[in-house]
Amino acid sequence: MKTEDSSNRRSALKSIGALGASAALMTLSVKDVFGQTTIPIALTTGLKLANYGPIYVAARNGLFAKQGLAVTVNVGGTVVEPVSIALSGRAPLAVTGTGMAVNSTLEGGQMKVVAKMCGALGMWVITRPGTAFTSLADFKGKKVASLRYPSNTVTSPTFAMKKFAGLDPKSAGVEFVEGPPGSIVGAVRDKRADVGVVFEWDASIAAQQGLEVAYGFADQMGPILLTSVMVKNDYLVSNPDLIQRFCNAIAASMKLIRENNPVYVSAMGAEFSNLDRSVVAAGCARLLATKGFVPTNPIISKAEWDASVEHDSLAGTIRKALTFEEMVDNRFAQKATEAFGAGA
């Protein structure tokens, strides 16, 4: 029997294939600080999150410019919009949840995933003091503040409960209280939800406001292709040099972050200038301590791909699993890592 909820969720996922998706885009143009002739290229991220740290570091340290690129970074309002925008030709690179490339390809918008952006689930459960939460089983019977489906704040706990705790969220009385960006901390603090599932910077904001960061997903879930760079097949065929330049800059950025953590903190502070400096410092420390969150290099492993597909299949955000061989083109990331990045 079809429910209104399931229909709404299918509608949200089908929007990936819409070429004319409307989005309120905030733009950051990266100028050529070396005065060289540059090639313009645009990308769109899903929301404004710490997941895209290597892009921010590359932008603010001249790494794109060194590759002869003038990069414009647009911010989509949902995780599905970057692919729709790429399919429309307005910004050829989409950087968002990996499953979005799978759904687009299944619907006829042929995509390839060309680089890893985030290789671990940097996500935490926040609670009010006195709320017991030490394992996934503690989701049972709770109202969980999250962003709107298909955000990972809904899909990842759903996957984790099913795979690691043997819980079906609905049968276990788990209710997601979905809201817009910025709503989760307040929902927990004001007791509209028992717990919240958050990315950074919300975890550090929550701690600053007297809530507790009670549980992290990354250790249990291990390496996963959470966020990746994807592009239309025909654009990839026509513009391999641009894709290579972009991957070169990302590989160099990931190496720089690992060798010089203060560069990461500085770029994040500049990118998220509205945040208190103590929040940025605490968040960066948490992210850098989360193994794989900032990858060593942009190369995608088959294990990371398979983990991502399993995640999205159990969470219900992809219609069919497509294989690593069908969807991933590692040529550019491998070459970039050899020339500009760090090894595994």
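Two strands pair if DSSP finds at least two bridges between them. The close-ups below show a predicted model.

**Close-up A. Strand 2 and its parallel neighbours, strand 3 and strand 4.** Strand 2 spans residues 39–46. Eight bridges join strand 2 to strand 3, residues 69–76. One partner pair is Ile39 with Leu69 of strand 3. Three bridges link strand 2 to strand 4, residues 93–97. Here Thr45 has Val95 of strand 4 as its bridge partner. Six of the eight residues of strand 2 are buried, so the rest of the structure largely encloses this strand.

**Close-up B. The salt bridge between Arg319 and Glu107.** The N to O distance is 3.1 Å. Arg319 sits in the loop between helix 14 (302–315) and helix 15 (324–327), and Glu107 in the loop between helix 5 (99–106) and strand 5 (111–118), so the pair ties together parts 212 residues apart in sequence. Arg319 is partly exposed at 41% relative accessibility. Glu107 is also partly exposed, at 34%.

**Close-up C. The salt bridge between Asp241 and Arg245.** The closest N and O atoms are 2.7 Å apart. Both residues belong to helix 11 (residues 240–259), four residues apart, so about one helical turn separates them. Asp241 is partly exposed, with 44% relative accessibility. Arg245 is partly exposed at 24%. Elsewhere, salt bridges with shared partners join Lys48, Arg60 and Glu271 into one network.

**Close-up D. The salt bridge between Asp190 and Arg192.** Their closest N and O atoms lie 3.6 Å apart. Asp190 is partly exposed at 44% relative accessibility. Arg192 is partly exposed at 47%. The model's salt bridges number 12.

Note on methods. Residues are numbered from 1 along each chain as its sequence is written. This is a predicted model: local features need pLDDT of at least 70, side-chain atom pairs count only at pLDDT 80 or more; totals for chains, interfaces and linings use all residues. Side-chain values use heavy atoms; hydrogens and water are left out. Buried means under 20% relative accessible area, exposed over 50%, partly exposed in between (1.4 Å probe, protein chains only). Helices (H or I, at least four residues) and strands (E, at least two) are DSSP runs, numbered from the N terminus. A salt bridge is a side-chain nitrogen of Lys or Arg within 4 Å of a carboxyl oxygen of Asp or Glu.
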